[in-house]
Amino acid sequence: MSWLTVILIAFALAMDAFAVAISAGVTLPRLTGRAIFRLGFHFGLFQFMMPILGWFAGLTIESYIKAIDHWIAFGLLSFIGGKMIYEALRSQDDEQKNDPTRGLTMVMLSVATSIDALAIGLSMAMLGVRIWAPSVVIGLVAGGMTVLGMVAGQKLGRLLGNKMELTGGLILIGIGVKILIEDLFFSGA
């Protein structure tokens, strides 16, 4: 597999992380270096680890994962997107909004945005491609795109306020629906 192919795969996989990072940047009242590092590191780490897990799993569990991966991503993204919409619509007097760069929300987002990378790892195992170097590239690109997405989301959030958080939630649900539709109708399964 050529390096150009690996880089193109890395950017394609990072698009979901980028879109989710925009949504995360919108929800944060103030973007800090720690928040950027947390989400960028975790998205990059999960994008690095998932191809390796998929590669090691190989053909033995492919049919099980392939049958439900789109449902898992759809469920996680829809849940978090719905939560963002709810928080955007409730009154300003309510408690502080949940930080998407912490705790279970961050883990769920990390898993949801990296499930496609698991399938890439399975594919690379079938093609006999060594996984370590491509996984590093995939992780680094995802981490970098996450940082860019958070900064862009923060700027959009300042301009548009709560409307942008509502839009961010709808974007997450839309990504989940897109993943579901692609796997159900266009994967050839």
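Helix 2 passes helix 4 in a right-handed crossing. A crossing is called left-handed if the near helix is turned anticlockwise from the far one by less than a right angle, and right-handed if clockwise. Helices here are DSSP runs of H or I with at least four residues, strands are runs of E with at least two, and both are numbered from the N terminus. The angle between helix 2 and helix 4 is about 35°, and their axes are 6 Å apart. Axes are lines fitted to C-alpha atoms, for helices over the stretch in contact, with angles running from 0 to 180 degrees between N-to-C directions.

Before I go on, this is a predicted model: local features need pLDDT of at least 70, side-chain atom pairs count only at pLDDT 80 or more, and totals for chains, interfaces and linings use all residues. Residues are numbered from 1 along each chain as its sequence is written, and side-chain values use heavy atoms, with hydrogens and water left out.

Back to the pair. On the helix 2 side, the residues that meet helix 4 include R38, H42, F46 and W55. From helix 4, the list includes M106, L109, A117 and A125. Contact means heavy atoms within 4.5 Å. By class, the residues of this contact divide into 16 nonpolar, seven polar and one charged. For those classes, Ala, Val, Leu, Ile, Met, Phe, Trp, Tyr, Cys and Pro count as nonpolar, Asp, Glu, Lys and Arg as charged, and the others, Gly among them, as polar.

Now the chain as a whole. How many helices and strands does the protein chain have? Its secondary structure comes to six helices and zero strands, and the pattern along the sequence reads α-α-α-α-α-α. Of its 189 residues, 49% count as buried. Buried means under 20% relative accessible area, exposed means over 50%, and partly exposed is in between, with a 1.4 Å probe and protein chains only. Of the contacts with a separation of 6 or more, 91% come from residues 24 or more positions apart.

Helix 1 has two partners to mention. With helix 4, the axes come within 9 Å and cross at roughly 170°; helix 1 is residues 3–27 and helix 4 is residues 103–127. That makes the two helices roughly antiparallel. The cut-offs are under 35 degrees for roughly parallel, over 145 for roughly antiparallel, 65 to 115 for roughly perpendicular, and oblique for the rest. The crossing of helix 1 and helix 4 is right-handed. Helix 1 contributes I9, L13, D16, A17 and V20 to the contact, and helix 4 contributes L109, T113, D116, A117, I120 and M124. These divide into eight nonpolar, one polar and two charged.

The other partner is helix 5, residues 132–160, where the axes come within 6 Å of each other and cross at roughly 30°. Helix 1 and helix 5 are therefore roughly parallel. This crossing is right-handed too, and its contact has 25 nonpolar, six polar and no charged residues.

Next, the interior. A nonpolar core is a set of buried Ala, Val, Leu, Ile, Met, Phe, Trp, Tyr and Cys residues joined through side-chain atoms within 4.5 Å. The largest one has 25 residues, and V20, L77, L109, M150 and L172 have the most contacts inside it. Helix 1, helix 2, helix 3, helix 4 and helix 6 each give two or more residues to this core. Leaving out residues up to four places away in sequence, L77 touches V20, L109, A112, L172, I173, I175, G176 and I179. A second, separate core has 18 residues, among them A10, L13, I120 and V141.

G153 lies in helix 5 and is buried, with a relative accessible area of 0%. Beyond four places in sequence, G153 is in contact with I22, G25 and V26.

I68, in helix 3, counts as partly exposed at 44% relative accessibility. I68 and L180 are 112 residues apart in sequence, and 9.8 Å separates their C-alpha atoms.
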